Amino acid sequence: MTFLADLRAVIGGRDFRRLYATRLVSQFTDGLFNVALTSYVFFSPERQPTAGQVAAAFATLLLPYSVVGPFVGVLLDRWRRRQVLVYCNLLRSAMALGVAGLVWARAPEPLFYAAVLATLGINRFFLAGLSAALPHVVAADKLVMANAVSPTSGTLVATLGAAAGFVLNQLAGAGRSGATTLIATAACGYLAAAQVARLLPVGLLGPHYDPNRPQTLEALRNVAVGMADGARHVWERRPAGHALAAIAAQRFLYGLSLISVILLFRNYFNPPEATDAALAGLGTVVAISGLGFFAAAAITPVVTGRASVPAWIVTCLLLAAVGELVFGVPYQEMPLLFGAFLLGFVAQGVKICVDTIVQQEIDDAYRGRVFSLYDVVFNVSFVSAAFFAALALPPTGKSYPVLVLSAVGYALIGLVYWWRSRRYPTGQHAG
C-alpha cells in the first residue's frame with residue numbers, strides 16, 4: 001500500500017486528525033527553529049565559528065536525546081499525555097521567545113546554549129508523547145499504518161519547515177536580526193501546535209491508571225538498572241557488542257568529518273562575508289550525503305543477500321578509509337561532494353547492518369533496553385567527536401593530520417571488526 005493510501009486509511013478518525021495535525025505543525029516549526037539556530041551559530045556575518053563553538057552546538061542538539069531520552073517514558077506513563085502535548089508546546093513557545101531575546105541581546109554563549117538545550121530537551125517529551133498517544137486514537141488493526149504514516153509525515157514537514165526557514169532567512173537577512181525574527185516566528189508555530197493539541201479531550205490519550213505500577217523514583221531507578229542489564233547482555237552476546245563498538249567508532253569519525261566540513265564551507269571555501277554561499281554549499285553537501293543514505297538503503301539488502309552482514313560492514317569501513325584520502329586531501333569543494341556521498345553511504349550501510357545484528361543476536365526480552373543503550377551510544381559518540389574536533393581542528397577545518405587520522409581510524413575499525421567477527425561469528429545466539 002502506498003503512503004497516500006495508508007494516510008487515507010487512518011485519516012478518517014477525528015481524534016487521529018487532531019493528533020496528526022499537532023505533529024505536523026510542531027515538526028514543521030522544528031525545521032524552522034533548527035535552521036534559525038544553524039544560520040545564527042554557523043553562518044552569521046558577525047560570527048566566525050570555531051571548532052569549539054561547533055562542538056557546543058552539536059552537544060546542545062544531541063545531549064537531550066542521549067541523557068533525557070531513556071527516562072522520558074517513566075514520566076509519560078504518569079502525566080496526562082494530552083496535557084504533555086499542550087504544555088510542551090506552550091513551554092517551547094515561551095522558551096523560543098527567550099532564545100530570540102538572548103540572540104538579540106548578544107547574550108553570553110553559555111547562557112544561549114543553556115536556553116537552546118532546555119528548549120530542545122522539551123521536544124523529547126513531545127515526540128515520545130505523540131508515539132504513546134497514538135494507540136488511543138487509532139484502531140488496533142490500523143496501528144501499523146498509523147505508525148508508518150505519522151513519523152514519515154513528521155520528517156517530511158520538518159524538511160519543509162527547514163526549506164521555509166531558509167527562504168525566510170534570505171528575506172529577513174543574515175545575522176542577529178534575521179535569526180531573531182526566525183526564532184520568534186518559530187515561537188508562534190509552537191503556540192499554534194499547542195492550540196491544535198487543546199482540541200483533543202483531556203483524558204483521551206491516557207495513561208490509564210495502574211495501581212501496580214512502581215513509584216516514580218523507583219521507576220527512574222529501574223530505567224538505569226535496565227540500561228545496565230542491557231549492557232551486560234550485550235557483553236554476553238559478543239557479535240552484538242562488537243557491532244555496537246564498530247558503529248560507535250564509525251559515528252565518532254563521521255562526526256569529526258561533518259564538523260570539518262561545516263568549518264571548511266564557513267571559513268575556508270568562502271570569505272567571511274559570503275554567508276549565503278557558505279550555507280548553500282553546506283546544504284548541497286547534506287543533500288548529497290542524503291543521496292548516499294538512500295543508495296545504501298537500496299544496495300545493502302542486495303549485497304547482504306550474497307555476502308555476510310559483517311563482511312559488508314568491513315567493506316564499508318575500508319571504503320570510507322580510502323574515500324577520506326582520495327576525496328579529502330585536495331580540500332576542494334567538488335571532490336568533497338563525492339566524499340560526502342561516500343561517507344553517507346557508509347554511515348547508512350553500517351547502521352543497517354548493525355541494526356540487523358543487534359535484532360538477531362539479542363534476546364527479545366532485552367531488545368528494548370539494548371536499543372535504548374544503542375541510542376545513547378550513537379549520540380554520545382557524535383558529541384565526543386565534537387569535543388575532540390574542538391581541540392584538534394583549526395577554525396578553517398583544514399587539517400591533514402585529522403584527515404589522515406580519520407582514514408587510518410576507518411581502516412583500523414574495519415580490520416579489528418573483521419578479526420573479532422571471525423572469532424565470534426553471528427547467528428549463534430539469535431533470540
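The protein chain is built from 14 helices and has zero strands. Here helices (H or I, at least four residues) and strands (E, at least two) are DSSP runs, numbered from the N terminus. Read along the sequence, the pattern is α-α-α-α-α-α-α-α-α-α-α-α-α-α. The chain has 431 residues, and 49% of them count as buried. Buried means under 20% relative accessible area, exposed means over 50%, and partly exposed lies in between, with a 1.4 Å probe and protein chains only.

A word on the model and its numbering: this is a predicted model, in which local features need pLDDT of at least 70 and side-chain atom pairs count only at pLDDT 80 or more, while totals for chains, interfaces and linings use all residues. Residues are numbered from 1 along each chain as its sequence is written, and side-chain values use heavy atoms, with hydrogens and water left out.

**Salt bridges**

A salt bridge is counted when a side-chain nitrogen of Lys or Arg is within 4 Å of a carboxyl oxygen of Asp or Glu.

| Asp 15 | Arg 14 | 3.7 Å |

Which parts of the chain does the bridge between Arg 92 and Asp 30 tie together? Arg 92 sits in helix α4 (residues 81–104) and Asp 30 in helix α2, so the pair links parts that are 62 residues apart in sequence. Both ends are buried: Arg 92 has a relative accessible area of 1%, and Asp 30 has 10%.

As a general point, an α-helix has 3.6 residues a turn, so residues three or four places apart point the same way. Asp 355 is buried at 17% relative accessible area, whereas Lys 351 is partly exposed at 27%.

In the remaining pair, Asp 15 counts as buried at 17% relative accessibility, while Arg 14 is partly exposed at 46%.

**The cavity**

Rolling a probe the size of a water molecule over the atoms shows where empty space is left. On a 1 Å grid over the protein atoms alone, a cavity is a set of points where a 1.4 Å probe fits but cannot get out, and lining residues have an atom within 4 Å of a point. Grid points are joined across faces, edges and corners, and a volume is the space filled by probe spheres set on the points.

The search of the whole structure finds one cavity of 30 Å³ or more, and about 40 Å³ of space lies in the largest cavity. Its lining consists of Phe 16, Leu 19, Tyr 20, Arg 23, Leu 130, Leu 134 and Ser 150. Which helix gives the most to this lining? Helix α2 (residues 14–43) does, with four residues. By class, the lining has five nonpolar, one polar and one charged residues. In this scheme, Ala, Val, Leu, Ile, Met, Phe, Trp, Tyr, Cys and Pro count as nonpolar, Asp, Glu, Lys and Arg as charged, and the others, Gly among them, as polar.

**Helix α10**

Helix α10 (residues 275–304) has 30 residues and reaches 43 Å from its first C-alpha to its last, close to the 44 Å expected at 1.5 Å a residue. That expected span is 1.5 Å times one less than the number of residues. A kink of about 25° lies at Ala 298 in α10, shortly before the proline Pro 301. The bend at a residue is the angle between axes fitted to the seven residues ending there and the seven starting there. Buried residues of α10 include Leu 279, Leu 282, Val 285 and Ser 289.

Arg 106 has a positive phi of about 55° although it is not a glycine. Arg 106 is found in the loop between α4 and α5 (109–133). Is Arg 106 buried or exposed? At 55% relative accessibility, Arg 106 counts as exposed.

Tyr 331 is another residue other than glycine with a positive phi, near 50°. Tyr 331 lies in the loop between α11 and α12 and is buried, with a relative accessible area of 7%.

Gly 323 belongs to helix α11 (residues 309–328) and is buried at 7% relative accessible area. Gly 323 and Pro 335 are twelve residues apart in sequence and 9.8 Å apart in space, C-alpha to C-alpha.

Terms used
On a 1 Å grid over the protein atoms alone, a cavity is a set of points where a 1.4 Å probe fits but cannot get out, and a pocket is an open set with protein on both sides within 12 Å along at least five of seven lines; lining residues have an atom within 4 Å of a point.
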